[in-house]
Every structure is written in C-alpha cells, then in structure tokens.
Amino acid sequence: MDPLSQGVLGAALPQSSARRREAAGAGLLGFLAGMAPDLDVLIRSSSDPLLFLEYHRQFTHSLLFIPVGGLLCALALHGLIGRRRGFSFGRSYAFCTLGYATHGLLDACTTYGTMLFWPFSEARIAWNTISIIDPLFTLPLLVLVLLAGLRKQPVLARYALVWVLAYLCLGLWQRNEAQSIGRELAAQRGHQPLRLEAKPSFANILLWKVVYQTEERFYVDAVRTGLSPRVFAGESLPVLNVPRDLPWLAPNSQQALDVARFSWFSNGYVALDPTHANRVIDIRYSLLPNEIAPLWSIVLDPAADDSAHAAYITHREGGPQRGAALWRMLSGKKGQGTEAPDAQAQNAEAQNAASEPGARAGAGAPAR
C-alpha cells in the first residue's frame, strides 16, 4: 500500500488500545512505525538492477520480524516522541510494535506479493483484495485517526479498524465475483485455465484485471463487478519459453539468471513483449486492466557478456485518453471502444474464440 495508508492503519491499532491521554502519542508512534518496513527499498545495488526486487517486502515485512522491527522503531522514536509524551520505554515499544505489525498484513492484501513467512518460506503472499492506492479505503481511516488523536477518543480508532475490516471483506467478495466471471469467460472460449487470478485496477475495487493461463498463452480481460457486471475483452500473449523466445541466451549467463529472478518475482506471469525485441514483461500490471502494457520489465542484450545483468525499466505511459478509458470501464458505459479484440492470438481460430466473449460483453457479463 501507499505510505499514507500504511501510516494511518499503523496509527489506528495502537490508538485503539491506548488510554485517552495517550491517543495522540500512540497514534504518532504507530504512524511512523507503520511506514518503517518500507525502508527496505533502500536495499539497492548500482550493479544489480534486480536486487531491490528480492528484498522489498522481504524480511522487514515478515511476521517473525515484527517484534524486532517494533524494537528498532522504539529505540529510534522513544526519545523523540515517547519520553516527551510521558511514556515508559515499554509503552513506546508496545505502540511501535502494534503499528509495525499492521504493515505486512496490509501489504499482503494487495497484489504485489509479501513474504509474510520469511525465512521459512519465500512465497510471496498476495490476497488481491485492494489496490495499492485506494482513496475510499484511506480517507475515512485518516479522518477517524486524526479525530481520535485530536479529541483523545480511542473509540474512534476502533471505528477505523472496523472500516478497514469491512472494506477488505468487501474487496474479497468482489475479487471472488471477478474470478467467477473470469472462469465463465474462459469456459466460453473453450479454455480450461491452469490458473486464474483477479486483481483490482487502480484506486478501486469495482473494476478488476482477470489474468488466466492455458498451456501456451496468457489471457487478460477487465471485469466490472457490482450490480451491473460487465466484461471488457482484452489481449493474449504466449507464455515465455526461454529456449524458443530467447534462443541466443546462454543458460548459465547472468541475464538468464535475471530472467529466472524476474519470473520468480512475477509469479511466472512473464511473456516476451510483442512490440520490443528481447524485453521480458510482467503481464499482471497495466494502467488499463484489459491491456497487456506492462508497468515494468527487464531488457536483455544479446551482445552483452555472460556476467552482465539485464536492465530493469518501468513504464508509466498514461495520458488523458487512458484515464478516460479507465473511467468508461468503471462506469460501465458501452460503445466507448474499451472492448479490445484479442489481437495477439496466433491463428484465426484463437482470434475467433477470444473475440466471441468480447461481442457478448457489449450486452453485459456472461450468463451466471
């Protein structure tokens, strides 16, 4: 989640357990401790562009690290805040630990993946119930936390926690609805997905990106849930096959290792970019949920020596047109050019199979 959301949730939990006179100080300690795990973004290397992918949301986000993280925050913040508020060190430690504890769990509710069980497992937990930025989640939480501190009313922080749980449960229900529509869409195409996921699009839990994998291809579509569900058919790409797609890549080279690292980070949702040679993309994320237009990728160089790393790049091509297209999908409007055909299919049969649900999408969601 974004730092503000992490901070205000980190403030709400210690506030909810504080005494009236402690509400402001507990909230401030929890706010700072709630953001602290993301200091792992400082673990970078100028020679290894992918190093930060391995360490972001790793040990600092682990459940096992919570007492340690809380202690480090208390050591840094007790003299600056806790002592001045009349707290003992133990009280500061308790508030910091509660704030720190919220971070990894909230991150696991997003789609990026969080190593909650490190060092016992490097599995990236992603429950896919909320976008990394969602004003409807954050703003009520922020208002309640501020009022709890200013008015010295911890009960308001408890209301904030109720809002958090209710919103995340709604996101879980919406995700399950999107997955159900996605499975019906795949069945209409005659596909039996090996796996299927639904991820919230930017800043909402109404419009979802559904990604599923068959033996040979990934398929990407947008699904609008709610009272008037709709499907916006998207695109497909072949699953990355390194020997086929990158025959020049030496298996023991650093670039080959980087492809494996990037695939691990992307949970295997990787493909060769159809518009840029030697670029491997993570298809899970895009500005528009029915597109395969990556937010990040790695670029390989056939002329590089075996010790050279792949380059990591981010893509932020937006603009008013894409924002307007996202709004049209959110509002469920028809005839706005958002039902994209499956332009990447390998043959006419695949194109026809993929475009048929797109035609149905103009009249609403698949039969439920």
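Ile 130 is in contact with Met 1, Cys 109, Thr 110, Thr 111, Phe 137, Tyr 167, Leu 168, Pro 200 and Ile 205, leaving aside its neighbours within four places in sequence. The model is predicted. Ile 130 also belongs to the largest nonpolar core, where Ile 130, Phe 137 and Leu 141 touch the most other members.

**Nonpolar cores**

- The largest nonpolar core has 33 residues.
- Six elements each supply at least two residues of this core: helices H1 (3-16), H6 (135-151) and H7 (154-188), and strands S1 (195-200), S2 (207-213) and S3 (217-224).
- H7 gives the largest share of the core, 11 residues.
- There is also a second, separate core of 19 residues, and its members include Ala 256, Tyr 285, Leu 295 and Ala 310.
- In soluble globular proteins, nonpolar side chains tend to be buried together.

**Aromatic pairs and cluster**

- The whole structure contains 14 aromatic pairs.
- One of them is the edge-to-face pair of Phe 52 and Tyr 312, with 5.2 Å centre to centre and 75° between the planes.
- This pair ties together parts that are 260 residues apart in sequence, because Phe 52 lies in helix H3 (residues 51-55) and Tyr 312 in strand S8 (residues 311-314).
- Phe 52 is buried, and its relative accessible area is 14%.
- Tyr 212 and Tyr 219 form a stacked pair, because their ring centres are 5.1 Å apart and their planes lie at 15°.
- Both Tyr 212 and Tyr 219 are buried.
- One aromatic cluster is made up of Tyr 112, Phe 262, Phe 265, Tyr 285 and Trp 296.

**Charges over rings**

- Arg 195 lies over the face of Tyr 269, 3.8 Å from the ring centre.
- The ring of Phe 265 has the charged end of Arg 284 over it, 5.6 Å from its centre.

- S2 and S3 run antiparallel and are joined by seven bridges.
- A hairpin of three residues links S2 to S3, and Trp 208 stands opposite Val 223 in S3.
- S3 also runs antiparallel to strand S4 (residues 230-238), again with seven bridges.
- Ala 222 has Phe 232 as its bridge partner in S4.
- The hairpin of S3 and S4 has five residues between the strands, and in this hairpin Gly 226 takes a positive phi near 95°.

Technical notes:
Residues numbered from 1 in each chain as written. Predicted model: local features only at pLDDT ≥ 70, side-chain atom pairs only at ≥ 80, totals over all residues. Heavy atoms only, no water. Core = buried A, V, L, I, M, F, W, Y, C linked by side-chain atoms within 4.5 Å. Buried < 20%, exposed > 50% of the residue type's maximum accessible area, 1.4 Å probe, protein only. Helix = DSSP H or I, 4+ residues; strand = E, 2+ residues; numbered from the N terminus. Contact = heavy atoms within 4.5 Å. Phe/Tyr/Trp six-rings, centres within 6.5 Å; stacked < 30°, edge-to-face > 60°. Lys NZ or Arg CZ within 6 Å of the ring centre and 35° of its normal. Pairing = 2+ DSSP bridges.
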